[in-house]
Amino acid sequence: MWWLGLSALLLAAQGLAEAPGKDTTAVTQPDYTLYNTREQLFRKVFDVVDKHPLFMEVDEVPLAVDDYEAILTVVTVEPGGLSRDHDDKMRLLISFGEHGRELITPEVGLRLLELLGQLGSEMEHTTEALTPQQKLLRRTVFKILPMENVNGRKLVESGQLCERKNGRGVDPNRNWDAHWGFKEPDYDPAEEYPGSAPFSEPETALLLALTNSFRQHVWLNMHSGMEALFMPYDHLADIPPGPGAQASLHILQQLNTLHCGGRCAVGSGGKSVGYLAHGTATDYMYDVAGVPMSFTWEIFGDLNATFVDCFKMFNPVDSAVVEATISNWAAAVVSLVELLPNHPDIAAMNFEPSSKVAGTASNQTALAVTRIITESEQPSDTVSAGAEAMTHDSEVHGGTNHAVLQHTDAGLDSEPQHNVLVEHGHVYTNKLPAILNWLYVLPVVILVLLVVLLKSARKGRTSWLRMRQRVV
């Protein structure tokens, strides 16, 4: 009667193919009660800086190219007090909002400034000996770009929610002179047009000038679209050789444990992101500018969002997850600072490594926030009866419940046995009918799977068919 099963499966496949799907035109709109507009965000950035004039300052640097102007806002944070000599300090250059559609990352930048303001104020007013964290911060200087791609963000706020490029259609993260202009077979100009030449865009030209003057030890480019902690290379599926790269990898692995619950992909962006990217800032910083620690962090991604629902794909929409994401990754930057002395380039500057990274107040808060994120992603608390029995037996009896096994065996023995031949005391089972049944059904199963996959692809829900939405 195998043909009845075949008919049922064919009808099911037809139903799956013809069933009406969800409305793929539904697009999540930004909730500006959860997110700041660009104007609101910069107003808050300036307010934070104004509150801490002894260790914070802000500069706005404009540049026009062919009647196209960009302004780079740079906040300098020096918790030990503003100075002009940074040679003996750890130097971090951190960019948020390089892609306009990633609204969550500038929010992290704002929260980081607030956190550093709080930590700096505590150092100003303490009468006790400095903690290991405070000693490190006193010898650290940050250059923070709250929103690198302001013109691209303007387009997003005007309704172009999938826009990642700048105000004239160039991807700032493909405009760097590191393997620039190379196009993979899946190159998509709508997502990653690299411009007419390296540094053709004022956004990247301004950032290059800042890099050349600041000479940072750490470049951190914060993005969204998935959960990952990347280091070079983006244009290769490998990390660089040498002890420095291995130390960077180890730092990212520790951050993955502290702030990502072990969920983040760690290592080369080119290996883990699903495509190779050319002309990226992170590769340039490492290979050309000589920045020893060059990182790209991907802090959030909804892989179940449809291809056209870009806001939901790149940004959390639940208020609790928004707050958890912002708090966690702002605190992760402080964790990074505490881990830097373990890198050989920083160790040579005679910094004391912090041996209790997870014990600081900021990291305890971050770990609590990470648990909120992790718990919100766990499935419901349902366990099969068999798993419950095994757990009970292991914990209470210290072993397996053999009575259950005997009951199961008895149940099997009570079933009628077909296609069995007993000859000379040996039992032979004829397995040919079962094999033939599977041969009948297998093509139908494959057909059903293909129908389901194609239907999902049309809805934009199949992640491996929609990776043309770039994250790096």
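Before the helix pairs, a note on handedness: I call a crossing left-handed if the near helix is turned anticlockwise from the far one by less than a right angle, and right-handed if clockwise. Helices (H or I, at least four residues) and strands (E, at least two) are DSSP runs, numbered from the N terminus.

Housekeeping next. This is a predicted model, where local features need pLDDT of at least 70 and side-chain atom pairs count only at pLDDT 80 or more, while totals for chains, interfaces and linings use all residues. Residues are numbered from 1 along each chain as its sequence is written, and side-chain values use heavy atoms, with hydrogens and water left out.

**Entry: α8 on α12.** I looked up helix α8 (residues 243–259) and found that it passes α12 in a right-handed crossing. The two axes come within 10 Å and cross at roughly 140°; axes here are lines fitted to C-alpha atoms, for helices over the stretch in contact, and angles run from 0 to 180 degrees between N-to-C directions. The pair is therefore oblique, given that angles under 35 degrees count as roughly parallel, over 145 as roughly antiparallel, 65 to 115 as roughly perpendicular and the rest as oblique. On the α8 side I listed Ile 251, Gln 254, Leu 255, Leu 258 and His 259, which meet α12 residues including Trp 329, Ser 335 and Leu 336 (contact means heavy atoms within 4.5 Å). Sorted by class, the residues of this contact are eight nonpolar, four polar and no charged. For the classes, Ala, Val, Leu, Ile, Met, Phe, Trp, Tyr, Cys and Pro count as nonpolar, Asp, Glu, Lys and Arg as charged, and the others, Gly among them, as polar.

**Entry: α3 on α12.** Helix α3 (residues 104–125) packs against α12 at about 55°, with the axes 8 Å apart. This crossing is right-handed, and the pair is therefore oblique. Here I counted 12 nonpolar, two polar and three charged residues in the contact.

**Entry: the core.** Which residues touch the most other members of the largest nonpolar core? I got Phe 142, Trp 297, Trp 329 and Leu 336, out of 64 residues. Helix α12 (residues 319–339) gives the most to this core, with 10 residues. A core is a set of buried Ala, Val, Leu, Ile, Met, Phe, Trp, Tyr and Cys residues joined through side-chain atoms within 4.5 Å; buried means under 20% relative accessible area, exposed over 50%, partly exposed in between (1.4 Å probe, protein chains only). Leaving aside neighbours within four places in sequence, Phe 142 has contacts that include Val 75, Leu 92, Leu 116 and Val 333.

**Entry: Arg 91.** Buried or exposed? Arg 91 is buried, at 7% relative accessible area, and sits in strand β3 (residues 90–96). Its C-alpha is 7.6 Å from that of Arg 215, 124 residues away along the chain.

**Entry: Gly 270.** I found Gly 270 in helix α9 (residues 269–272), buried at 9% relative accessibility. Among the residues Gly 270 touches is Tyr 233, and the peptide bond from Pro 232 to Tyr 233 is cis, with omega near 10°.

**Entry: the β1–β2 loop.** Asp 66, in the loop between β1 (56–65) and β2 (68–77), has a positive phi of about 55° although it is not a glycine. Asp 67 has a positive phi too, near 65°. Asp 66 is exposed at 67%, and Asp 67 is exposed at 83%.
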